[in-house]
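Hi there,

Here is the structure I promised to pass on to you. Have a look at it first, and then read my notes below.

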Amino acid sequence: MTKTNKTPAEAPLLTDEEILAMSDKDYMNPAQQAFFRAKLQQLEKELLKNAGETTEHLRETVLVPDPADRATIEEEHALELRTRDRERKLLKKVQQSIVAIDSGDYGWCEETGEPIGIPRLIARPTATLSLEAQQRRELKQKLYGD
């Protein structure tokens, strides 16, 4: 009888609770990397789907004679485009995070090199700074502007 070893790609993905329960010495092990890769790929898929729906929605031109109705439709389109613009920027961050997983840099603060932390990455999978580094950056921006 042969024993089959599952590779991280074949193993079932862990839940948020299982990831949070892991010890600090397990930080960014293959199981955690697979967990965050799946989370980021799902987010990427949703963002791309939304972008496609917006494109289709904006192609549907409705001729409305009433100026008030036309203004309402234009305002809805403008709002939708602003939302998609934010999602486009998020999509770029998601793709950068996936590349960071491939290079082994994911989960480590760009500024300090310290772990970002599992709870922060679960809440914001595209985080590139530890909570302390992010707070310092925001305080500096508040005090000195961009």
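Asp 102 is exposed, with a relative accessible area of 53%; exposed means over 50%, buried under 20%, and partly exposed in between, using a 1.4 Å probe and counting protein chains only. Asp 102 forms a salt bridge with Arg 37, and their closest N and O atoms are 2.8 Å apart. A salt bridge here is a side-chain nitrogen of Lys or Arg within 4 Å of a carboxyl oxygen of Asp or Glu. This pair links distant parts of the chain, with Asp 102 in helix H3 and Arg 37 in helix H2, 65 residues apart. Helices are DSSP runs (H or I, at least four residues), numbered from the N terminus. Arg 37 itself is partly exposed, at 25% relative accessibility.

A word on the source: this is a predicted model, in which local features need pLDDT of at least 70 and side-chain atom pairs count only at pLDDT 80 or more, while totals for chains, interfaces and linings use all residues. Residues are numbered from 1 along each chain as its sequence is written, and side-chain values use heavy atoms, leaving out hydrogens and water.

How confident is the predictor? The average pLDDT (confidence in each residue, from 0 to 100) is 87, and 92% of the residues score at least 70. Do be careful with residues 1–9, where pLDDT stays under 50.

Back to the charged pairs: a search of the whole structure finds 9 salt bridges. Among them, Lys 39 pairs with Asp 16, with the closest N and O atoms 3.8 Å apart. Lys 39 lies in helix H2 (residues 30–59) and Asp 16 in helix H1 (residues 16–21), so this bridge ties together parts that are 23 residues apart in sequence. Another joins Arg 136 and Glu 111 (3.5 Å, N to O). Here Arg 136 sits in helix H5 and Glu 111 in the loop between H3 and H4, 25 residues apart.

The protein is divided into domain 1 (28–106) and domain 2 (108–145), with bounds that come from an automatic or database domain assignment. Their C-alpha centres lie 23 Å apart. In all, 13 residues of domain 1 are in contact (heavy atoms within 4.5 Å) with 6 residues of domain 2.

Is Thr 126 buried or exposed? Thr 126 is buried, at 9% relative accessible area. Leaving aside neighbours within four places in sequence, its contacts are Leu 40, Leu 90, Lys 93, Val 94 and Ser 97.

Enjoy exploring!

Technical notes: pLDDT is the predictor's confidence in each residue, from 0 to 100. Helices (H or I, at least four residues) and strands (E, at least two) are DSSP runs, numbered from the N terminus.
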